[in-house]
Amino acid sequence: MANRIIRRVGDDVLRKVARPVDTINKSIITLLDDMAETMRSANGVGLAAPQVGILKRVVVIDVGSGLIELINPEIIHAEGKQIEVEGCLSVPGKWGEVERPAKVVVKALNRNGEEIQIEGEGLLARALCHEIDHLDGELFIDKVIRFVEPDEK
C-alpha cells in the first residue's frame, strides 16, 4: 500500500467524469488499498479515485464503523433532507453547509466483483453522496448554501 497525492481544487481531473470499472483486476485492488491508506493518513472519512488522479468510479469511505469500498457506486434511492457542514480533502481549509438526502441506498460492486447495497443515514449518507459527486466532477463547494468559519464546524 502507498499514500497517493491528493489532488486539490483547481486540478482539472477533479472536474472530469470518472469512467466505470469494467474489470476488477490487481490495479483496482491496489487502488482501493492505496486510497484507504491515503484517506486515513489525511484524517478523511471518504476518498474518490479522481481525488488521487484516477478517473475510475471507485470510492472508499470510513465514518468510524469500518471501511466501505465501492466500485461503480450508484444511488438507487434517496429520501429526506439534512443540512450539515462538510469539508473535503481536495478543498483544504474550506467548510460549508450542504443539503443532502437524510437517507440513501447505494448499489455497487465490492472488491470481489459482487453486487452489494449500502444503506446510509446521517454522516454515512452525506459521505456516500459527497464521494459519488466526485465521480461526476462535482465538488461540495458547488453545492454550498453557506460557507462557515473553522470555529463553526
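# Salt bridges, a hairpin and a buried helix

D33 and R111 form a salt bridge, in which the closest N and O atoms are 2.6 Å apart (a salt bridge being a side-chain nitrogen of Lys or Arg within 4 Å of a carboxyl oxygen of Asp or Glu). The pair links distant parts of the chain, with D33 in helix α1 and R111 in the loop between β6 (103-109) and β7 (115-121), 78 residues apart. The structure is a predicted model, in which local features need pLDDT of at least 70 and side-chain atom pairs count only at pLDDT 80 or more, while totals for chains, interfaces and linings use all residues. Residues are numbered from 1 along each chain as its sequence is written, and side-chain values use heavy atoms, with hydrogens and water left out. Helices (H or I, at least four residues) and strands (E, at least two) are DSSP runs, numbered from the N terminus.

**Salt bridges**

- A search of the whole structure finds 13 salt bridges, and the pairs described here are among them.
- In the bridge between D33 and R111, D33 is partly exposed with a relative accessible area of 24%, and R111 also counts as partly exposed, at 26% relative accessibility (buried means under 20% relative accessible area, exposed over 50%, and partly exposed in between, with a 1.4 Å probe and protein chains only).
- The side chains of R15 and D142 also meet in a salt bridge, at 2.6 Å from N to O.
- Because R15 lies in the segment before α1 and D142 in the loop between α2 and β8 (144-148), this pair ties together parts that are 127 residues apart in sequence.
- Of these two residues, R15 counts as partly exposed at 41% relative accessibility, and D142 is partly exposed with a relative accessible area of 42%.
- K143 and D133 are joined through their side chains by a salt bridge of 2.9 Å, N to O, and this pair links K143 in the loop between α2 and β8 to D133 in helix α2, 10 residues apart.
- Here K143 is partly exposed, with a relative accessible area of 31%, whereas D133 counts as buried at 10% relative accessibility.
- Both K143 and D133 belong to a network of salt bridges that also links E86, R100 and E138.

**Helix α2**

- Helix α2 (residues 123-135) has 13 residues, which at 1.5 Å a residue should span 18 Å, and its end C-alpha atoms are 19 Å apart, which agrees (the expected span being 1.5 Å times one less than the number of residues).
- Because 12 of the 13 residues of α2 are buried, the helix is largely enclosed by the rest of the structure.
- The buried residues of α2 include charged-pair member D133, together with others such as L124, A125, C129, H130 and L135.
- Just after α2, G137 takes a positive phi of about 75°.

- Strand β1 (residues 46-48) pairs with β2 in the antiparallel sense over 3 bridges, and the bridge partner of A48 in β2 is V59 (two strands pair if DSSP finds at least two bridges between them).
- β2 also pairs with strand β3 (residues 68-79), in the antiparallel sense over 4 bridges, with V60 standing opposite E69 in β3.
- β2 and β3 form a hairpin with 6 residues between them, and G64 in the turn has a positive phi of about 115°.

**Aspartates with backbone contacts**

- D62 is found in the loop between β2 and β3, and at 18% relative accessibility D62 counts as buried.
- The side chain of D62 reaches the backbone nitrogen of G64 at 2.8 Å and that of G66 at 3.2 Å (a polar contact is a pair of N or O atoms within 3.5 Å; within protein, one must be able to donate a hydrogen and the other to accept it, and residues adjacent in sequence count only if both atoms are side-chain atoms).
- Leaving aside neighbours within four places in sequence, D62 is in contact with M39, R40, G44, V45 and L67 (contact meaning heavy atoms within 4.5 Å).
- D11 is placed in the segment before α1 (26-41), counts as partly exposed at 25% relative accessibility, and has a side chain that reaches the backbone nitrogen of V13 at 3.0 Å.
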